[in-house]
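Thanks for coming. I will go through one structure, beginning with a question about its aromatic residues and then moving to a sheet and a surface patch.

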Amino acid sequence: QVQLVESGGGLVQAGGSLRLSCAVSRSAISSYVMGWFRQVPGKAREFVAIEWSIGSTYYADSVKGRFTISRDNARNAMYLQINSLKPEDTAVYYCAARRLRLGGSVRPDDYDYWGQGTQVTVSS
């Protein structure tokens, strides 16, 4: 059973940056499509970015050009570099994993493994 643990969230002013990390244990990250999603209270969880192999990425339009997803297979970890933060980026950010053989997806329901989430709060 894959275990995911996020870290790196916090309170930041608009225009600032954060780097979120997702540590993967009990399985090799290279066997999974890895994704970042976010959720605001009262709203559905929404897609942010996915990477199915190093350099093969896809982003939500709302974050394109500001967010960068990456992975380090040797460290079994995934990252989300968030720049030019906006108040509307405030949310709990979750990392998720889906078996690589199933292909990439932007639907949260298609992901089997989830971390506990890390809060990102952007002040204006």
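Are Phe 37 and Tyr 111 buried or exposed? Both Phe 37 and Tyr 111 are buried. Before I go further, note that this is a predicted model.

Let me take the aromatic pairs in turn. There are seven aromatic pairs, counting rings whose centres lie within 6.5 Å. In one of them, Phe 37 and Phe 47 sit 6.0 Å apart, centre to centre, with 70 degrees between the planes, which makes the pair edge-to-face. Phe 37 lies in strand E4, residues 32–39, and Phe 47 lies in strand E5, so this pair links parts of the chain that are 10 residues apart. As for burial, Phe 37 has a relative accessible area of 0%. Phe 47 is at 13% relative accessibility, and because buried means under 20%, Phe 47 counts as buried as well.

Phe 37 also pairs with Tyr 111. Here the ring centres are 5.1 Å apart and the planes stand at 70 degrees, so this pair is edge-to-face. Ring pairs link Phe 37, Phe 47, Tyr 58, Tyr 94, Tyr 111 and Trp 114 into a cluster.

Now the surface. Tyr 58, a member of that cluster, is also part of a nonpolar surface patch of about 340 Å², together with Trp 52, Leu 100 and Val 106. Trp 52 is found in strand E5, residues 46–53. Why is Trp 52 classed as partly exposed? Its relative accessible area is 33%, and partly exposed covers values between the 20% limit for buried and the 50% limit for exposed.

Last, the sheet. Four strands form an open sheet, in the order E1-E3-E8-E7, with antiparallel pairing. Strand E1 (3–7) and strand E7 (67–72) stand at the edges; each has a single partner strand, so one side of each is left without a neighbour in the sheet. On average, neighbouring strands of this sheet are turned by 15 degrees against each other, direction ignored.

Within the sheet, how many bridges join strand E3 to strand E8? Six bridges join strand E3, residues 18–25, to strand E8, residues 77–82, and the two run antiparallel. Among the residues involved, Ser 21 has Tyr 79 in E8 as its bridge partner.

That is what I have for today.

Technical notes: Residues numbered from 1 in each chain as written. Predicted model: local features only at pLDDT ≥ 70, side-chain atom pairs only at ≥ 80, totals over all residues. Heavy atoms only, no water. Patch = residues over 30% accessible without salt bridge, like charges linked within 9 Å, V, L, I, M, F, W, Y side chains within 5 Å. Areas by Shrake-Rupley, 256 points an atom, 1.4 Å probe, with all protein chains shown as cover. Salt bridge = Lys/Arg side-chain N within 4 Å of Asp/Glu carboxyl O. Buried < 20%, exposed > 50% of the residue type's maximum accessible area, 1.4 Å probe, protein only. Pairing = 2+ DSSP bridges. Axes fitted to C-alpha atoms, helices over the stretch in contact; angles between N-to-C directions. Phe/Tyr/Trp six-rings, centres within 6.5 Å; stacked < 30°, edge-to-face > 60°.
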